[in-house]
Amino acid sequence: MSELDTAEVIRRFNEAFTSHDPSGLTDLVADDCVMVSVQPAPDGTRYEGREECLKFWADLAADPHTRFTPHDVFVAGERAVIQWRATFTDGQDTFGEGHTSSVLGVNVMRVRGGRIAEALGYSKTP
């Protein structure tokens, strides 16, 4: 596979979540990827390495009770910002008390060599 540019990596990343098909993530994650999730607030959870990051994202992308809708994507060189809304259909407090139907958030991403090297998640969560 030839090296993908940042916009294409982020497009494929978003597609894996919007289509609930985590198989699209397999070739997008760098071996030394670092990801920080939005929960638990306020600092999230840090995941290091391809396996940990891929497992977290694959589980989230496959979750039939969570729908991600990217609202805006900004790409500049190896950096990207994804503004999204996550909508939940299971009635659980997935992102904290009072956010049972949806939450807004952003991912600040860095792509290196056609793969996601860093992903920092932030959301409007108490």
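How many disulfides does a search of the whole structure find? The search finds 0 disulfides, where a disulfide is taken as a pair of cysteine sulfur atoms within 2.5 Å. The structure is a predicted model, in which local features need pLDDT of at least 70 and side-chain atom pairs count only at pLDDT 80 or more, while totals for chains, interfaces and linings use all residues. Residues are numbered from 1 along each chain as its sequence is written, and side-chain values use heavy atoms, with hydrogens and water left out.

- Cys33 is in no disulfide, and the nearest cysteine sulfur, that of Cys53, is 3.7 Å away.
- Cys33 is buried, with a relative accessible area of 0%; buried stands for under 20% relative accessible area, exposed for over 50%, and partly exposed for what lies in between, with a 1.4 Å probe and protein chains only.
- Cys53 is likewise buried, at a relative accessible area of 0%.

**Helix α2**
- Helix α2 covers residues 50-62, and its 13 residues reach 18 Å from the first C-alpha to the last, close to the 18 Å expected at 1.5 Å a residue, the expected span being 1.5 Å times one less than the number of residues.
- Helices (H or I, at least four residues) and strands (E, at least two) are DSSP runs, numbered from the N terminus.
- The buried residues of α2 are Cys53, Leu54, Trp57 and Ala61.
- The exposed residues Glu51 and Lys55 are carried by the face of α2 that is turned away from its buried side.
- The packing partners of the buried residues of α2 are α1 (6-18), β1 (29-36), β2 (46-48) and β6 (115-123).

**The largest nonpolar core**
- A nonpolar core is a set of buried Ala, Val, Leu, Ile, Met, Phe, Trp, Tyr and Cys residues joined through side-chain atoms within 4.5 Å.
- The largest such core has 27 residues, of which Phe13, Phe17, Leu25, Trp57, Trp84, Met109 and Ile116 touch the most other members.
- Two or more residues of this core come from each of α1, β1, α2, β4 (79-88), β5 (102-112) and β6.
- Phe17, leaving aside its neighbours within four places in sequence, is in contact (heavy atoms within 4.5 Å) with Leu25, Trp57, Leu60, Ala61 and Phe68.

**Asn14**
- Asn14 is found in helix α1, and at 12% relative accessibility this residue counts as buried.
- Apart from neighbours within four places in sequence, Asn14 is in contact with Pro70, Val73 and Ile82.
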